[in-house]
Amino acid sequence: MSNQDRMTDIIDQQRQTISELQTPVIQVWDRILALPIVGSLDTARTADMNEALLQRIVDTGSEIVILDITAVPIVDTSVAKHLLETISAARLLGAEVFLVGLSTRTAITLVHLGVELAGVVTRTTMAKGLELAFARLGLEVVARRGSKASAALPLDEDGA
Amino acid sequence: MARVPIVRIGDTLVATVLEDLHDRDASALETELFGRLEQSGANGVLLDLSVVEIVDSFLGRMLNDIAVGVRLLGAQMVVVGIQPAVAITLVELGLELRGVRTAVNPDRGITLLRRLAAASGITDKIAGFGGSRGGNC
């Protein structure tokens, strides 16, 4: 096997590993799924992601999906378009999607690009998204008696 | 015409599509559903599309139209059981059905209808669906 063939093999293997790592759909609670997106979104990846996510929604009967874009380096019009596709498709199955992990930079970029993500519930962190999800499902996170930790963040329902 | 039995359960009409809908079937369903709605005075419609595998732009538009019509007749409609592939097709066709409420399965659909009815102040009289889930409010 030539050196080049070996390199090609390694690259293929790595590509395979990366693509498997890219779309983990996690059930974080009954009826709540989370999908952390790492890296950039292109058409092929969005298609894979949609397939995995939509099937999971049906299998688990989930009502809420939290899409975390903290680890997406650049959110431009094309990425936004892909995200909107995912959000619309999930909504057709009856799941509501919260987009979390928006940074200041992302917000500024999107506003400047004229992408307002109208009708999409957005939050800055996964924690806030999860909290909103609990609120939507009528669940509450409370600190155990005698515990100093205050588990509950202040509620905000403005994105309803 | 494709078989779409419509049964009444309490204040809800349940329409279960049993095979793929062609253009004429969709129009017939619209007419029949509106007729039954007017005649029965039901306040909710549950449209089950779980066996539908093929959609086109016409059917997508029809779903929107049916939702609008149902609303005009004073009821709420929830479409349930849309398959992943169907959802992707609709989105690719640019039909996001923003005016249509959806739920992942009939159980969730009934819960949503009850919630909508409660929100609009209509007393819920759906027989046989007494148990409400945790998410109900």
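How many residues of chain A are in contact with chain B, and how many residues of chain B take part? In this predicted model, 18 residues of chain A are in contact with 18 residues of chain B. The size of an interface is often given as the accessible area lost when the parts come together.

One salt bridge is counted between chain A and chain B, and in it the side chain of Glu63(A) meets that of Arg108(B), at 3.1 Å from N to O. The elements of chain A that give two or more residues to the side touching chain B are helix H2 (43-60) and helix H3 (77-92). When this side of chain A is sorted by class, it has seven nonpolar, six polar and five charged residues.

Within chain A, attention may also be given to helix H5, which spans residues 126-136 and whose buried residues are Gly129(A), Glu131(A), Leu132(A), Ala133(A) and Phe134(A). The cover over these buried residues of H5(A) includes strands E1 (26-29), E2 (32-38), E3 (64-71), E4 (96-100) and E5 (121-123) of chain A. Following H5(A) is Gly138(A), which has a positive phi, near 75°.

Note on methods: Residues are numbered from 1 along each chain as its sequence is written. Chains are lettered from A and ligands numbered from 1 in the order in which they are written. This is a predicted model: local features need pLDDT of at least 70, side-chain atom pairs count only at pLDDT 80 or more; totals for chains, interfaces and linings use all residues. Side-chain values use heavy atoms; hydrogens and water are left out. Contact means heavy atoms within 4.5 Å. A salt bridge is a side-chain nitrogen of Lys or Arg within 4 Å of a carboxyl oxygen of Asp or Glu. Helices (H or I, at least four residues) and strands (E, at least two) are DSSP runs, numbered from the N terminus. Ala, Val, Leu, Ile, Met, Phe, Trp, Tyr, Cys and Pro count as nonpolar, Asp, Glu, Lys and Arg as charged, and the others, Gly among them, as polar. Buried means under 20% relative accessible area, exposed over 50%, partly exposed in between (1.4 Å probe, protein chains only).
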